[in-house]
Amino acid sequence: MIEAIDVVFVHSQKGELLADWYAEVLELPQKVVAPDWRELETKEGARFAVDCTSFPRSTIEKQPIVISFKVSDIKAAVAKLESKGVTFYEGESGKIMDVGPTLVATFYDPDGNWLQLSQQKG
């Protein structure tokens with residue numbers, strides 16, 4: 001079901017400045033520059049990004065770092081985890097949310113840490 005860590009992202013009130021710091025100090029080139037999202041390039045492994053939305057917008061966004069697990073079929077993965085008692089965050093559009101190039105479903109672990117499943121569209 002889980003294929004890899006898709007993206008680890010940091011919520012920040014000063015997202016653009018934080019993304020610039022990662023780019024300049026850690027030398028991670030900014031691959032995607034959008035009004036609310038800065039994705040930084042790494043040679044291997046998971047994507048790393050800074051979420052620049054006004055913080056916090058929701059219960060989930062109070063947590064500064066979120067790990068998103070890559071899946072190939074998000075609907076099947078949500079159904080499987082729900083059958084094991086996992087509770088998903090339900091937004092205005094349901095449990096699976098369309099966030100541009102990605103579909104995400106957010107849930108929490110037994111310690112209350114928010115995690116996501118993500119499936120790239122296309």
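**Entry 1: Thr-106**

I began with Thr-106, which I found in strand 7. I noted that helices (H or I, at least four residues) and strands (E, at least two) are DSSP runs, numbered from the N terminus. The model is predicted, so I kept in mind that local features need pLDDT of at least 70, that side-chain atom pairs count only at pLDDT 80 or more, and that totals for chains, interfaces and linings use all residues. Residues are numbered from 1 along each chain as its sequence is written, and side-chain values use heavy atoms, with hydrogens and water left out.

Is Thr-106 buried or exposed? Its relative accessible area is 1%, so I recorded Thr-106 as buried; the term means under 20% relative accessible area, with exposed over 50% and partly exposed in between (1.4 Å probe, protein chains only).

I then looked up its side chain, which makes a polar contact with the side chain of Gln-116 at 3.0 Å. A polar contact is a pair of N or O atoms within 3.5 Å; within protein, one must be able to donate a hydrogen and the other to accept it, and residues adjacent in sequence count only if both atoms are side-chain atoms.

**Entry 2: The chain as a whole**

I listed 2 helices and 8 strands in the protein chain. Along the sequence they follow the pattern β-α-β-β-β-β-α-β-β-β. The radius of gyration is 14 Å, close to the 14 Å that the globule rule gives for 122 residues, so the chain is as compact as a globular protein of that length. This radius is taken over C-alpha atoms, and the rule is 2.2 Å times the number of residues to the power 0.38.

I noted that the C-alpha trace spans about 45 × 30 × 25 Å along its principal axes. Of the 122 residues, 37% count as buried.

I examined two pairs of strands. Strand 2 and strand 3 run antiparallel and are joined by 4 bridges. They form a hairpin with 2 residues between them, and Gln-30 stands opposite Leu-40 in strand 3. Strand 5 (residues 65–70) and strand 8 (residues 114–120) run parallel, with 4 bridges between them. Here Ile-67 stands opposite Leu-115 in strand 8.

**Entry 3: The helices**

**Entry 4: Val-50**

Val-50 counts as buried because its relative accessibility is 0%. Not counting residues up to four places away in sequence, Val-50 touches several residues, including Leu-18, Ala-19, Tyr-22, Trp-37 and Leu-40.

Note on methods: Two strands pair if DSSP finds at least two bridges between them. Contact means heavy atoms within 4.5 Å.
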